[in-house]
Amino acid sequence: MDPKLALVKCITLLYRESELEQAANSTDLCQKIIDNIKLPESTMEIQSGREVLVGLRSTVLWMIEKPAGEPYDKTQLLQRVRINTKDDSYLYNAVVDGLQKLEDKEEIQKQILSYRSELKQTLDRNDIDAILKKAFNKVMFAGANHGDYRELVRDICSQLEPYTHNVISADHPSVLDSVNFDDPEGMEQLLERSKEEISTDGVIRTGYQAINRMLGKQGGFRRGEMVLVGALQHNYKTGFTLNLFKHAALYNKPYMRDEAKKPLLIHLSLENELAMNIMSLYVSLKENETGEPCDVSMVNINEAAAYIREKMGVNGYNIKMLRVDPSRFSFHDLFDMVTNYEAEGFEVHMIVCDYLNMASKKGCSQGPAGFEIRDLFRRVRNFVAPRGITFVTPHQLSTEAKGLTRQGIENFVQEIANKGYYDSCRTIDQEVDLELAIHIEKVAGQGSFL
């Protein structure tokens with residue numbers, strides 16, 4: 001947009017907003033427009049145009065600095081613009097036309113939204129130009145050192161993603177669900193779905209009966225919940241979450257949102273070897289059934305493989321267990337993985353990720369310490385929730401929590417509850433639906449208990 005036209009629109013927008021008592025304030029938007037306008041160098045040929053830009057900028061700044069809610073004097077405003085525009089009568093008339101009195105408040109509101117949208121698109125185009133120029137320079141001048149093109153494209157797409165749409169509407173991709181109260185059938189379908197989701201058919205029970213009771217009337221994890229399991233190191237986080245994964249397959253009949261698809265459970269390890277997790281799963285299944293210790297050195301591999309398949313598939317779930325390199329695995333890869341499984345005809349019901357925090361933070365928003373971790377959790381939750389995927393991940397507790405154990409504190413898990421004792425980011429609890437704190441308690445003469 002021409003800089004002069006952008007400033008004229010800023011003047012009109014701020015004036016129209018002052019005519020409404022409860023209109024949104026666009027001073028920040030107009031300030032960004034001013035900041036993005038580059039004044040031409042002061043030469044004889046363009047001196048007049050430069051002075052007009054400087055003058056209009058000063059008028060917009062004057063309007064921005066006015067106290068909120070204080071109306072503008074139209075005569076005084078037009079006098080300033082007349083001086084700013086000098087001999088450019090077309091520019092002055094454009095402002096006069098924009099400030100003509102409108103009797104209908106709805107018409108004023110429509111004009112405000114229109115100007116705000118146009119100015120925002122101008123800023124967006126400037127940002128897009130900067131992103132693409134930076135990417136172009138990186139490709140053209142880095143030569144053979146440009147790195148992985150796939151990562152480069154992802155990085156560019158991640159930066160451009162916020163600019164793919166300008167208007168929030170029912171068709172906007174950020175709108176995951178909607179209902180019109182004038183549509184009785186739509187309301188009924190939504191209420192029916194709500195009944196299904198909170199019924200016992202729509203939850204994933206665990207094998208720990210006390211935990212199921214703790215989770216309330218539904219007696220398990222709701223589909224789409226993000227569950228954070230906090231514990232100190234060497235306090236059975238991996239084993240506990242692997243058990244939850246096993247329980248999902250053993251004690252739950254798949255509740256399908258789409259009957260044409262196949263139910264799927266995913267265990268994703270960013271830490272332990274897959275062979276170790278498979279053997280741990282076998283030992284857990286076997287010992288739970290026989291009540292006797294399992295000697296892994298005596299395991300018959302063929303029998304063990306058939307045994308795991310039979311037990312884990314008893315209720316009809318498909319099972320996928322993977323191990324990935326955390327330094328090369330970002331939330332983009334997680335989303336791609338789930339999307340690919342969906343394209344293959346699967347409906348993912350649960351993902352147990354050991355540990356999400358170990359994943360690459362590439363593409364996450366940067367900020368103060370811990371900000372990118374919180375952003376990672378937010379992105380993952382926003383992805384799995386509408387798909388009805390229960391997501392479980394353990395997370396290390398902080399050194400402050402460890403200090404409590406050195407003090408000999410009793411009831412450790414009660415002491416840390418709701419106090420943000422998480423390593424690297426104290427506020428990730430604000431991004432999840434449910435927190436479980438676990439700890440191994442050693443009782444003299446009685447052994448250890450989780």
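Predicted model: local features only at pLDDT ≥ 70, side-chain atom pairs only at ≥ 80, totals over all residues.
Burial of β3 extends along the strand, with six of its six residues buried. Side chains in a regular strand alternate between the two faces of the sheet. In β3, Met226, Leu228 and Gly230 lie on one side and Val227, Val229 and Ala231 on the other, and both faces are covered, each of these residues being buried.

Strands β3, β7 and β8 belong to an open sheet of six strands with parallel pairing, in the order β5-β4-β6-β7-β3-β8. The edges are formed by β5 (318–323) and β8 (434–437); each has a single partner strand, so one side of each lacks a neighbour in the sheet. From one strand to the next, the twist averages 15 degrees.

Strand β6, residues 346–354, is also mostly covered, and nine of its nine residues are buried. Eight bridges connect β6 to β4 (residues 262–269), and the two strands run parallel. Within this pairing, His267 has Val352 of β6 as its bridge partner. Three bridges join β6 to β7, again in parallel. Val352 stands opposite Val392 in β7.

Aromatic contacts were examined next. A pair of aromatic rings is described by the distance of the centres and the angle of the planes. Six aromatic pairs are counted in the model. For Tyr341 and Phe346, the ring centres are 6.1 Å apart and the planes stand at 90 degrees, an angle over 60 degrees, so the pair is classed as edge-to-face. Both residues fall under the 20% limit for burial: Tyr341 has a relative accessibility of 10% and counts as buried, and Phe346 counts as buried at 7%. Elsewhere, Phe331, Phe335 and Phe383 are linked into a cluster by ring pairs.

The packing of helix α7 (residues 149–160) against helix α13 (residues 331–343) brings the two axes within 11 Å, with a crossing angle of roughly 95 degrees. This angle lies in the range of 65 to 115 degrees, and the two helices are therefore roughly perpendicular to each other. On the α7 side, the contact involves Arg150, Arg154 and Ser158, which meet His332, Asp333 and Asp336 of α13. By residue class, the contact contains four charged residues, two polar residues and no nonpolar residues.

Leu77 is located in helix α4, residues 74–85. With a relative accessibility of 0%, Leu77 counts as buried. Leaving aside residues up to four places away in sequence, Leu77 touches Ile11, Tyr15, Thr59, Trp62, Met63 and Leu99. Leu99 is 22 residues away from Leu77 along the chain, and the C-alpha atoms of the two residues are separated by 10.0 Å. Asp97 lies in helix α5, which comprises residues 89–98. The relative accessible area of Asp97 is 49%, a value at which the residue is partly exposed. Between Asp97 and Thr12, the separation is 85 residues in sequence and 9.4 Å in space, taken from C-alpha to C-alpha.

Over the protein chain as a whole, the secondary structure comprises 16 helices and ten strands. Of its 450 residues, 41% count as buried. Among contacts in the chain with a separation of 6 or more, 72% are accounted for by residues 24 or more positions apart.

Methods:
Residues numbered from 1 in each chain as written. Heavy atoms only, no water. Pairing = 2+ DSSP bridges. Helix = DSSP H or I, 4+ residues; strand = E, 2+ residues; numbered from the N terminus. Axes fitted to C-alpha atoms, helices over the stretch in contact; angles between N-to-C directions. Parallel < 35°, antiparallel > 145°, perpendicular 65-115°, else oblique. Contact = heavy atoms within 4.5 Å. Nonpolar A, V, L, I, M, F, W, Y, C, P; charged D, E, K, R; others polar. Phe/Tyr/Trp six-rings, centres within 6.5 Å; stacked < 30°, edge-to-face > 60°. Buried < 20%, exposed > 50% of the residue type's maximum accessible area, 1.4 Å probe, protein only.
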